[in-house]
Amino acid sequence: DNEMDPEEKRHRLKHTRFIVDAGLKLQVPCICLATATTLYHRFCTSCNVTDYDEYVCAPAVILVCSACLYLASKIEESPTKVRDVVNVCHRCLHSSEAPLEVGSTFWKLRDSLVTCEFIILRTLGFHVSVDHPHNYLLHYLKLLSDWMPPDVWKSMPLTALCWTLLNDSCHTNLCLRFSGEQVAVALLYMALQSFQVEVPVQSTDKKWWKVLCSSCDMTTIEAISTEMLDLYDLDSSLDGARISRTHSA
């Protein structure tokens, strides 16, 4: 079921923070960040990343994070130059040092990143497509806006909160455990609960979230909600910038 122990969650959060931080500096769209973190979670589930440390010139997990970001930019048709990825990721790690110059260190990092990208592709069997929750959430929000009274809908920043939850969810491995539809419904449920808003429905024998996603049930919603709450607890216990930041659209 791909559930992680607390220590693994801590490591994953540190690394996804790095991916998002570098991605924001590279100004890639949020869907690219979601793809990069999904690739990272898939790869880390498939192998022990530290096994590659002896073959590369930097900690393997950092190269994996950088390569996932580089690969995701291609997948989502927002290609980023490899030199920019190398420079920005190096800067994120060594913010107090001078910018990386073109020299032996740069070329070693560049070659290692490209090699790491190929290793990720081979390990994942070249299956790198992702069924993200983003499109589902947009569709569900549109349906919900038609179901609810206009004054109630306009009185709460539901869309903004849903999008924040969605962006933050990339720091978990929910993408491996649940479908994009289920994640979208559960995050929408969380947002509505935070505003204490009930969704008016015509049918008395079917919940609104069941209408949107037939494969979703309350057990699934509770599991996803619990994972998100655990994420925020863990994030508050770590040093550094908090995860809830504005991502590019």
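Which hand does the crossing of α3 and α4 have, left or right? Keep that question in mind while we walk through the chain.

This is a predicted model. The mean pLDDT of the chain is 86. Of its residues, 88% reach 70 or more. Confidence is highest in helix α10 (residues 180-194), with a mean of 95. Confidence is lowest in helix α7 (residues 150-154), where the mean is 83.

Start with the overall make-up. The chain has 12 helices and 0 strands. Follow the sequence and the pattern reads α-α-α-α-α-α-α-α-α-α-α-α. The chain holds 249 residues, and 48% of them count as buried. Now look at who touches whom. Take the contacts between residues at least 6 apart in sequence: 78% of these join residues at least 24 apart.

Next, look at how helices pack in pairs. Begin with α1 and α2. Their axes lie 10 Å apart, and the packing angle is about 150°. An angle over 145 degrees counts as roughly antiparallel, so α1 is roughly antiparallel to α2. The crossing is right-handed. On the α1 side, the residues that meet α2 are H11, R12, H15, T16, I19, V20, G23 and L24. On the α2 side, they are L33, A36, T37, Y40, H41, C44 and T45.

Helix α1 also packs against α3. The axes of α1 and α3 come within 10 Å and cross at roughly 45°. These two helices are therefore oblique to each other. Their crossing is right-handed. Helix α1 makes the contact with H15, F18, I19, A22, G23 and L26. Helix α3 answers with V61, I62, C65, S66 and L69.

Now comes the pair from the opening question. The axes of α3 and α4 come within 10 Å, and they cross at roughly 140°. That angle makes α3 oblique to α4. The crossing of α3 and α4 is right-handed. From α3, the contact uses I62, S66 and Y70. From α4, it uses V82, V85, C89 and L93.

S66 lies in helix α3. Is S66 buried or exposed? Its relative accessibility is 4%, so S66 counts as buried. Leave out residues up to four places away in sequence, and S66 touches F18, V85, C89 and L113. F18 is one of the α1 residues in the contact with α3. V85 and C89 are among the α4 residues in the contact with α3.

Stay with α4 and check its length. Helix α4 (residues 82-93) has 12 residues.

What does T159 contact, leaving aside its neighbours within four places in sequence? The partners are L141 and W153. T159 and L141 are 18 residues apart along the chain. Their C-alpha atoms are separated by 7.2 Å.

Finish with two loop residues. Q27 lies in the loop between α1 and α2 (30-46). Q27 has a positive phi of about 60°, although it is not a glycine. Its relative accessible area is 66%, so Q27 is exposed. Q196 sits in the loop between α10 and α11 (208-212). Q196 has a positive phi of about 55°, and it is not a glycine. Q196 counts as exposed because its relative accessibility is 74%.

Terms used
Residues numbered from 1 in each chain as written. Predicted model: local features only at pLDDT ≥ 70, side-chain atom pairs only at ≥ 80, totals over all residues. Heavy atoms only, no water. pLDDT = per-residue confidence, 0-100. Helix = DSSP H or I, 4+ residues; strand = E, 2+ residues; numbered from the N terminus. Expected span 1.5 Å × (residues − 1). Contact = heavy atoms within 4.5 Å. Axes fitted to C-alpha atoms, helices over the stretch in contact; angles between N-to-C directions. Parallel < 35°, antiparallel > 145°, perpendicular 65-115°, else oblique. Left-handed = near helix turned anticlockwise from the far one by under 90°. Buried < 20%, exposed > 50% of the residue type's maximum accessible area, 1.4 Å probe, protein only.
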